[in-house]
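Visitor: I'd like to learn how to read a protein structure. Could you walk me through this one?

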Amino acid sequence: VIKRVQEQDGIERIRFSSVEPGIVTEEFASELSKLDKVCDHFHLSLQSGCDATLARMNRKYTTEEYENACNILRKNFTHPAITTDVIVGFPGETEEEFEETRKFLEEIDLYEMHVFKYSIRKGTKAADMKPQINDQIKAKRSNILLEMSKQHQKEFETKQLGMVKEVLIEEKMHGKDHYYTGHTKEYIKVALYSEEPLENKIVKVKLRQILDDGFVLAEC
């Protein structure tokens, strides 16, 4: 299916989101790397870096399998950006289990993490699990991982500075004349000055500077 999509005129980018670790095999990654429309960005589901917590979540993979998937992608793509979702404060998550998650995420060094605090949903098995984690502990754990994510994102983007990238320009930057924003294939958010209209165009730029508002400044 992916190869058929690659062949379609008018489609310039193929981006993978919410991929299960088990899908990422050597053959899968190797074949993807041959397709020039496939973005070097993979949102790989995790939720927790602790195997005991993953088991309670009824996830069908382990941290070892997740790390193996990351290694396969990094082997087959030059600078792949790997992003994920993480839930903190899942019922029964002890300090030791959270520390396992923190250490695991530190080691695998992802580009960006979307961190969520567990919230009870009536009718689910997790809603009846004990003990439920209080909001203050959830907030503390969330802040720790968000700070880590911010640091990892900055480190990844710093390594990209000076490189020439293709950016899909999506819209004008709010409140700034002649500035446009878009994403590289790695999903780096880019801000670019241009007096010519660029919306919905793919342009080659050089990444110059990391800005405080989450963008990387680039120039044509």
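**Charge on the surface**

Guide: Let's start with one side chain: Glu107 is exposed, with a relative accessible area of 62%. Keep in mind that this is a predicted model.

Visitor: Why is Glu107 called exposed?

Guide: Exposed means over 50% relative accessible area. Glu107 gets the label because its value is 62%.

Visitor: And where does Glu107 lie?

Guide: Glu107 lies in helix H5. It also belongs to a surface patch of negative charge, gathered from Asp51, Glu64, Glu65, Glu67, Glu96, Glu100 and Glu107.

Visitor: Which elements give two or more residues to that negative patch?

Guide: Those are helix H4, residues 63-76, and helix H5, residues 95-108.

**Strands and their neighbours**

Visitor: Okay, on to strands. How do I read their two faces?

Guide: Here's the general idea: in a regular strand, side chains alternate between the two faces of the sheet. Now take strand E9, residues 216-219. Val216 and Ala218 make up its covered face, while Leu217 and Glu219 are on the uncovered one.

Visitor: Which way does E6 run against E5, parallel or antiparallel?

Guide: E5, residues 164-172, and E6 pair in the antiparallel sense, over 5 bridges.

Visitor: What about E6 and E7?

Guide: Those run antiparallel too, joined by 5 bridges. Gly182 has Val190 in E7 as its bridge partner. Their hairpin has 4 residues between the strands, and Tyr187 in the turn has a positive phi of about 70 degrees.

Visitor: In what sense do E7 and E9 pair?

Guide: Strand E7, residues 189-193, and E9 pair in the parallel sense over 3 bridges. Val190 turns up again here, standing opposite Val216 in E9.

Visitor: How many bridges join E8 to E9?

Guide: There are 4 bridges between E8, residues 202-210, and E9, and these strands run antiparallel. One place to look is Gln209, whose bridge partner in E9 is Leu217. E8 and E9 also form a hairpin with 5 residues between them, and Gly214 in the turn has a positive phi of about 95 degrees.

Note on methods
Residues numbered from 1 in each chain as written. Predicted model: local features only at pLDDT ≥ 70, side-chain atom pairs only at ≥ 80, totals over all residues. Heavy atoms only, no water. Buried < 20%, exposed > 50% of the residue type's maximum accessible area, 1.4 Å probe, protein only. Pairing = 2+ DSSP bridges. Patch = residues over 30% accessible without salt bridge, like charges linked within 9 Å, V, L, I, M, F, W, Y side chains within 5 Å. Areas by Shrake-Rupley, 256 points an atom, 1.4 Å probe, with all protein chains shown as cover. Salt bridge = Lys/Arg side-chain N within 4 Å of Asp/Glu carboxyl O. Lys, Arg positive; Asp, Glu negative; His and termini not counted. Charge placed at Lys NZ, Arg CZ, Asp CG, Glu CD.
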